[in-house]
Amino acid sequence: MDAHRFAPGRALVLGGVRLRDKDGLEGHSDADVLTHAIMDALLGAAGMEDIGSLFPDDEPAFAGADSLKLLATVVGLLREQGWRPVNIDAVVICEEPRVAPHRQSMRERLAAAMGVEVDQVGLRGTTTERMGFTGKREGIAAQAVALIERRG
Ligand SMILES: [Zn+2]
């Protein structure tokens, strides 16, 4: 799970897709909340350190970082431990923008970054019916679960 607050002057990137040049999310990297949730799900499933430990906020090298590249790095670390991703399921929680029109391109980019097929990546958007911080448009949240397996 991850959440970032809106930041008017920043681009909005979700699942590696740049949706707009402003009204994006605050964060040290590109603030791709969806990709971050997937990274943490993969790392958690493998019993590894979370992304905050791997890619610290105070590390200049990760300022404005492309989160898809960080995701590829994470999958590489899993592979070093003998793990490979099997299925990912993720949900983006916000009132806007609508995820559906971009769903396919997000799935393609995420799958490519992880070295898996598109049909191994589930993705949808939902709202909280105007309740809570996502409902009040203060930010965007994302949740993900990951199934991984040991290569034989
Ligand atoms: Zn994040």
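Visitor: Which residue just after α4 takes a positive phi?
Guide: That's Gly115, with a phi of about 70 degrees. Before we go on, this is a predicted model, where local features need pLDDT of at least 70, side-chain atom pairs count only at pLDDT 80 or more, and totals for chains, interfaces and linings use all residues. Residues are numbered from 1 along each chain as its sequence is written, and side-chain values use heavy atoms, leaving out hydrogens and water.

Visitor: What makes a stretch a helix or a strand here?
Guide: Both are DSSP runs, numbered from the N terminus: helices are H or I with at least four residues, strands are E with at least two. α4 has 12 residues.

Visitor: How far does α4 reach, and what span is expected?
Guide: From its first C-alpha to its last, α4 reaches 16 Å, close to the 16 Å expected at 1.5 Å a residue. The expected span is 1.5 Å times one less than the number of residues.

Visitor: Which residues of α4 are buried?
Guide: Met106, Arg107, Leu110, Ala111, Ala113 and Met114. They cover an arc of only 160 degrees around the axis, so they sit on the same side of α4; the arc is taken from the directions from the helix axis to the C-beta atoms. These buried residues pack against β2, β3, α1, α3, β5 and β6, with contact meaning heavy atoms within 4.5 Å.

Visitor: Why are Asp2 and His4 called buried?
Guide: Buried means under 20% relative accessible area, exposed over 50%, and partly exposed in between, with a 1.4 Å probe and protein chains only. Asp2 has 16%, so Asp2 is buried, and His4 has 15%, so His4 is buried as well.

Visitor: What makes Asp2, His4 and His36 donors of the zinc ion?
Guide: Donors are N, O and S atoms within 2.8 Å of the metal (3.2 Å for Na, K and Ca). Asp2 (OD), His4 (NE2) and His36 (ND1) lie 2.0 to 2.1 Å from the zinc ion, and their spacing in sequence is D-x1-H-x31-H. Water is not among the atoms, so sites may look incomplete.

Visitor: Why is the pair of Phe55 and Phe62 called edge-to-face?
Guide: Rings of Phe, Tyr and Trp (its six-membered ring) pair if their centres lie within 6.5 Å; planes under 30 degrees apart count as stacked, over 60 as edge-to-face and the rest as tilted. The count by this rule is 1 aromatic pair. The centres of Phe55 and Phe62 are 5.1 Å apart and the planes are at 80 degrees, so the pair is edge-to-face. Phe55 is buried at 12%, and Phe62 is buried at 18%.

Visitor: How do you know that β2 and β3 pair?
Guide: Two strands pair if DSSP finds at least two bridges between them. Here 3 bridges join β2 to β3, and the strands run antiparallel.

Visitor: What makes Glu129 and Arg130 stand out?
Guide: Most residues other than glycine have a negative phi. Glu129 has a positive phi near 50 degrees, and Arg130 has one of about 65 degrees. Glu129 is exposed at 63%, and Arg130 is exposed at 66%.
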